[in-house]
Amino acid sequence: MNRATLVLKGLHNADPKTVYKSLMRFIASNHPADLVIYLCDEGGIEMLGKLAYFIGNNFSIGLEIYLSCPESLGAGYELLDFGKNSGL
Amino acid sequence: MFEVVLTTERTMMTDHHGKEFIGFMATGPAIGVPEQLWLWACCPKPKVDKLGRPLIAPYGLRKIEAKLQDTGYNAAIVDPDHLGKHLDTMKVLLLSHHDYFAYGPPSSEWWLITGQEPVNRRSFIKLMESPVVREAKKRGVRIIAGGPAAWQWLWELAAWEKWGIDTIVDGEGERVVVDLVEKALRGEELPKYVYVSPREAPSIEEIPTIKGASVNGLVEIMRGCPRGCRFCSVTLRPLRFIPIEKILQEIEVNLRAGIRNVVLHSEDVLLYGADGVKPRPEPLIKLHQEVMKKIPGTIAWAHASLSAVKYSEENYKLISTIMGMLSEKQEMLGVEVGIETGSVNLAKKIMPAKALPYRAEEWPEVVKDAFAIMHDNHVVPAATLILGLPEETPDDVLKTAELIDDLKSYRSLIVPMLFVPMGALKNMEKFRRESLTREHIEVMKACLRHDLYWARDIIAKFYFKGLPYAPLRFFLQSFISYVERKTANLDALIEDFLKEKTEKKTAATSLQKVAGVSRKKQNVVPNNLLEILSLFFIGVFWILG
């Protein structure tokens, strides 16, 4: 199965609605790919719980979540940074 | 000694004395007796070999064990009391459970109405905090948890972190487990969470044949369900029929371990080989013929839908044909069925396809007709209802009470389940006070009356017949008499409880005064009432088991 990989940064201060909207856009644009998410640097297990619950309730796609950053941010990754420069 | 160890806690790693329905006791708290005695009554330890491998184990764990062994891993299921034997070799510990934290039905219901933690939850926590599991974690063992209750970890994030669970796998595991174990053994990073989508569900060829015996001879005949009920996750999975040859191979494995009986497992046994939701006689008759030829004991069905019961009998006389075939070896057949509601309005909202091929508007008639067919053919259903669904109205509940009344002539046991929303878990006591309505209690009373009557009949005519069972029969009949005596004054208790609720809502007295008086009363009157009810319904499962 085709998989799309997303790296999320700066989640701890992000507005959940903005995060969810970004996620939905990403999932829709990669449909029907399964999703791999790296919760990079921050967010932790609390954020994992929220994301898994949100995605599970809204989409019937495969999901893998890592509590880490990928080894390299090469091709095939999309980075969504909700950090201080994002204006959130 | 094993590198990959699969295990679960005691309420799962047991054969419930060979009576599958006794397993329901393990979903409740120990009522009126010490917990150890309760566990002895419902969850005896299985026989194990020198390495601590149990003679019988939960079917889901057996599937994952088989997948890993087929792939060449040094993997085995080990009884939780014997994990210490593998501490030096263990690199990966796999856990499975159907209700890790007692958030599923009926555990959450017993928890809600008694206010006490169910023993399955307590036993799992005890396992995870045991010295051997802590030591394993300290030595770097990677822990992967899965099974049908994997979703519950999303509500127990603190425990997930505290116990160092490396990965939670939610969904059918056969396709992903090998890759995860390989990564774990290589010391590579594991995903913290994996959700296996229905698209990624394993094909028939990818589902392995079990290598060791399953609890009470349970074998899977199909996976998935086409009905799409809103309260059920199984229905999201694609429908797959296990070939008869494969079913017989698994029965052979169980026979070699001395398991004489078979539980045919499916969300709807009558849909085996079906044309959509319409049962077909050929595959079902062939399945039962082949299984009967193979086993010296009896057959039970895990689940069947009431619409399939009605359709298969009215169109093909299938229930009477199968029961005629089975009558050589058994007088009755037990099965779990779901009534869920007697309200057409609610049925249309939450389970529009449950009545198919009949219309949802016909649901109460489908239920009644199916019960009549089962009664005539000595199929004894343990039926469940769901109370407290989010869109339920008092009128819906009254319709359910009316339906139960219409079922009074049919031999069956009916158990009400309370829908407990996840948000309520953090304040069970509040939810318990506020969620139970007069209508719910009326339904519980109707179930109680129905079950007291039919439990006596079932015991006398089908269960525990003959002199050797006389003491057990006497015990069960005494238990029923005890419940009858205890519930003789039920109406007065209920009125007290409901009055209490009303007073609580409207009280104009000070908060302190209200809290002092009400809390005291609530811990006396309703608890007695609800504990009697829950004890009885747990007892119902014991009798049917």
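**View 1. Buried side of helix α7 of chain B.** In this predicted model, helix α7 (residues 174–186) of chain B has B:Val176, B:Val177, B:Leu180, B:Val181 and B:Ala184 as buried residues. A residue is buried if 20 or more other C-beta atoms, placed from the backbone, lie within 10 Å of its own, exposed if 12 or fewer, and partly exposed in between. After α7(B) comes B:Gly187, with a positive phi near 80°.

**View 2. Strands β15 and β16 of chain B.** Strand β16 (residues 413–418) of chain B is largely enclosed by the rest of the structure, because 5 of its 6 residues are buried. Strand β15 (residues 379–387) of chain B pairs with β16(B) in the parallel sense over 6 bridges; pairing requires at least two DSSP bridges between two strands. B:Leu385 has B:Pro416 of β16(B) as its bridge partner. From β15(B), the chain passes through helix α14 (residues 394–406) of chain B to β16(B) in a right-handed β-α-β crossover, meaning that the path runs clockwise from the first strand over the helix to the second with the strands pointing away from the viewer.

**Notes.** Helices (H or I, at least four residues) and strands (E, at least two) are DSSP runs, numbered from the N terminus. Residues are numbered from 1 along each chain as its sequence is written, and chains are lettered from A and ligands numbered from 1 in the order written. Local features need pLDDT of at least 70 and side-chain atom pairs pLDDT 80 or more, while totals for chains, interfaces and linings use all residues.
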